[in-house]
Amino acid sequence: MFVDLARGLQQYQATWGRLPQDRIPVGPALKRGSTGKRVTMLRNRFGLSPDGGYDEGLLQNVASYQRVHGLGSGDGIAGKATIASLNNGASYYARRIAINMERAYRLPTTRTFDHYVVVDSGAAEAFLFDRDRPVDSMRVVVGSTKTKTPMMAVIMRSAKANPYWNVPPELIRSLTAKRVREQGLSYFKDFHYEVLSDWTANAQTIDPGTVDWKAIASGKKEPAVLVRQLPGPWNSMGNMKFEMPNDYGIYLHDTPHKELFAQDDRWLSNGCVRLQDYRRFASWVFGQAPQPASALEQRFELPRPVPVYMTYLTVAAGANGVQFRPDPYGFDALAMPQMFNPTSQVAVGQAGGRNG
C-alpha cells in the first residue's frame with residue numbers, strides 16, 4: 001500500500017499537479033453550453049485553449065477530475081463542490097496522499113505475520129491477509145463521526161458465540177436511563193435487557209426498580225450497575241463477537257441489521273466494527289466456524305492469535321492512479337498542520353525496503 005501510494009503521488013504530480021493552479025471565482029454551476037469569463041478560466045485550469053466554451057472536451061476533463069477527487073460518479077458539471085476542490089490546489093491533494101502514505105507505513109511490513117486483518121474505517125471495509133496477500137474482504141459498519149473508530153493495532157485471541165452486549169457506562173447514562181424515564185421499567189423486558197449489581201465476575205442480577213435512573217440520566221450519579229442485553233436475534237452483537245482487548249473497548253462483531261451493508265454511508269456505529277459476514281470471517285480466523293453447544297454465551301479461543309490493524313485511508317491507489325475518498329472523521333484535516341507548515345512542499349517519498 002505504501003509503495004502504491006508513493007507511485008500514485010508521483011503520477012498525481014505528473015498529471016493534475018502540472019496543470020495551472022489558478023483559482024476559479026465562486027458562482028453559478030458551469031455546464032455544457034456555459035460561456036463567459038469563468039468558463040475561460042476553467043479551460044485554462046485544465047490546460048485547454050481559451051476558446052471553445054463549455055464543450056465536450058472541457059466536460060470530459062471535469063468529469064475525470066471529479067472521479068479522481070471523490071466528487072461523485074463524474075457528471076461533468078462544475079458546481080460548488082467541484083470549484084471548491086479545484087481551488088484547494090494540487091498541493092493540497094498531494095499532501096493528503098502523503099498523509100495516507102504515513103498511515104500505510106504503520107501497517108505491518110511484508111513477512112511479519114502469516115495472517116492478519118486490516119480494518120479500514122476510511123473505506124468502511126475489512127481485508128483479510130494471508131502471507132501479505134488479500135484473500136478476502138467485506139463491508140463493515142464503523143464508528144460515526146461522533147463516535148469514531150480509532151486507529152490502532154491489537155491482537156484478536158478469542159470470540160464469543162451468542163454474546164451478551166454489555167452496554168457501555170456512557171450509554172447507560174445517555175441512552176438506557178433516558179429510555180427508562182420515557183418508557184418505564186418495561187423497557188428492559190421489551191428489549192431483552194437485564195441489570196446486574198456491578199461489573200465484577202460475582203455480579204448478581206438485580207431489580208431495575210432499585211436503581212435511581214433519574215439521577216443517572218441527569219449526570220448526578222455515575223452508573224455503577226451493569227446493563228446487558230441477553231443473547232438472541234435481537235442482540236446488538238448478533239451471533240458472534242470477536243474479542244481483542246484494548247483501551248477503547250473496540251471489537252468486531254456480527255449484527256442483526258444486515259440492511260446497513262447495502263448503504264454507501266456505513267459510518268454509523270458507536271465505534272465498534274460490524275461485520276457483513278461473520279460466518280465467513282469466523283471460518284477464516286478459526287479454520288472453520290465454531291459451533292456453540294447451546295444458545296447460551298460460549299467462549300472460543302482462536303487456534304492462533306490474529307493481529308488486527310485498524311487504519312483510516314482516504315486515498316486508494318490502483319493501476320490507473322489514485323482515487324480520493326471523503327474524510328468523514330476529519331483526520332486528514334487534523335493531520336495537515338501536524339505534518340506540514342504553510343511554506344513546506346510535498347516531496348515524493350522513497351519506498352526504500354518498505355513493502356507493507
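Q: Which elements each supply at least two residues of the lining of the largest pocket?

A: The model is predicted, and every value below is computed from it. Rolling a probe the size of a water molecule over the atoms shows where empty space is left. In this structure, β5, α6 (169-183), β9 and β11 (267-269) each give at least two residues to the lining of the largest pocket. The largest share, 6 residues, comes from α6.

Q: What volume does the largest pocket have, and which residues are closest to its centre?

A: The largest pocket holds about 1,100 Å³ of space. It is lined by 40 residues, and those closest to the centre are Trp165, Pro168, Leu171, Tyr251 and Asn270. By class, the lining has 19 nonpolar, 14 polar and 7 charged residues.

Q: How is the second largest pocket described in the same terms?

A: The second largest pocket has a volume of about 510 Å³. Of its 21 lining residues, Met1, Asp4, Phe129, Pro134 and Leu313 are the closest to the centre. At least two lining residues come from each of α1 (2-15), β1, β2 and β14. The lining divides into 13 nonpolar, 4 polar and 4 charged residues.

Q: How many cavities of 30 Å³ or more does the structure hold?

A: A pocket is open, whereas a cavity is a space where the probe fits but cannot get out. The structure holds 1 cavity of 30 Å³ or more. About 40 Å³ of space lies in the largest cavity. Its lining consists of Tyr12, Trp16, Gln21, Arg45, Tyr65, His69, Ser85, Leu86, Gly89, Ala90 and Tyr93. Two or more of these residues come from α4 (80-88), and likewise from α5 (90-105). The lining has 6 nonpolar, 4 polar and 1 charged residues.

Q: Which residues of α4 are buried, and what covers them?

A: An α-helix has 3.6 residues a turn, so residues three or four places apart point the same way. In α4 the buried residues are Thr82, Ile83, Ser85, Leu86 and Asn87. The elements that cover them include α2 (37-45), α3 (56-68) and α5. Two of these buried residues, Ser85 and Leu86, also line the largest cavity. Gly89 follows α4 and has a positive phi, near 85°.

Q: Which residues have a positive phi although they are not glycine?

A: Most residues other than glycine have a negative phi, and most peptide bonds are trans. Ala124 lies in the loop between β1 (115-120) and β2 (125-130). Asn162 also has a positive phi, of about 50°, and lies in the loop between β4 and β5 (165-166).

Q: Are Ala124 and Asn162 buried or exposed?

A: A residue counts as buried under 20% relative accessible area. Ala124 has 0%, so it is buried. Asn162 has 15%, so it is buried too.

Q: What does Thr314 touch, and where does it lie?

A: Thr314 lies in the loop between β13 (298-311) and β14 (315-318). Its relative accessibility is 0%, so Thr314 counts as buried. Not counting residues up to four places away in sequence, Thr314 touches Arg96, Asn100, Arg103, Gln323, Phe324, Arg325, Pro326, Asp327 and Asp332. Among them are Arg103 and Asp332, the two partners of the salt bridge described above.

Q: Which residues form salt bridges with Lys160?

A: Lys160 forms a salt bridge with Glu243, with the closest N and O atoms 3.5 Å apart. This pair links strand β4 (residues 152-161) to strand β9 (residues 240-243), 83 residues apart. Lys160 also meets Glu297 in a salt bridge, at 3.9 Å from N to O. Glu297 lies in the loop between α9 (278-286) and β13, so this pair ties together parts that are 137 residues apart in sequence.

Terms used
Residues are numbered from 1 along each chain as its sequence is written. This is a predicted model: local features need pLDDT of at least 70, side-chain atom pairs count only at pLDDT 80 or more; totals for chains, interfaces and linings use all residues. Side-chain values use heavy atoms; hydrogens and water are left out. On a 1 Å grid over the protein atoms alone, a cavity is a set of points where a 1.4 Å probe fits but cannot get out, and a pocket is an open set with protein on both sides within 12 Å along at least five of seven lines; lining residues have an atom within 4 Å of a point. Grid points are joined across faces, edges and corners, and a volume is the space filled by probe spheres set on the points. Helices (H or I, at least four residues) and strands (E, at least two) are DSSP runs, numbered from the N terminus. Ala, Val, Leu, Ile, Met, Phe, Trp, Tyr, Cys and Pro count as nonpolar, Asp, Glu, Lys and Arg as charged, and the others, Gly among them, as polar. Buried means under 20% relative accessible area, exposed over 50%, partly exposed in between (1.4 Å probe, protein chains only). Contact means heavy atoms within 4.5 Å. A salt bridge is a side-chain nitrogen of Lys or Arg within 4 Å of a carboxyl oxygen of Asp or Glu.
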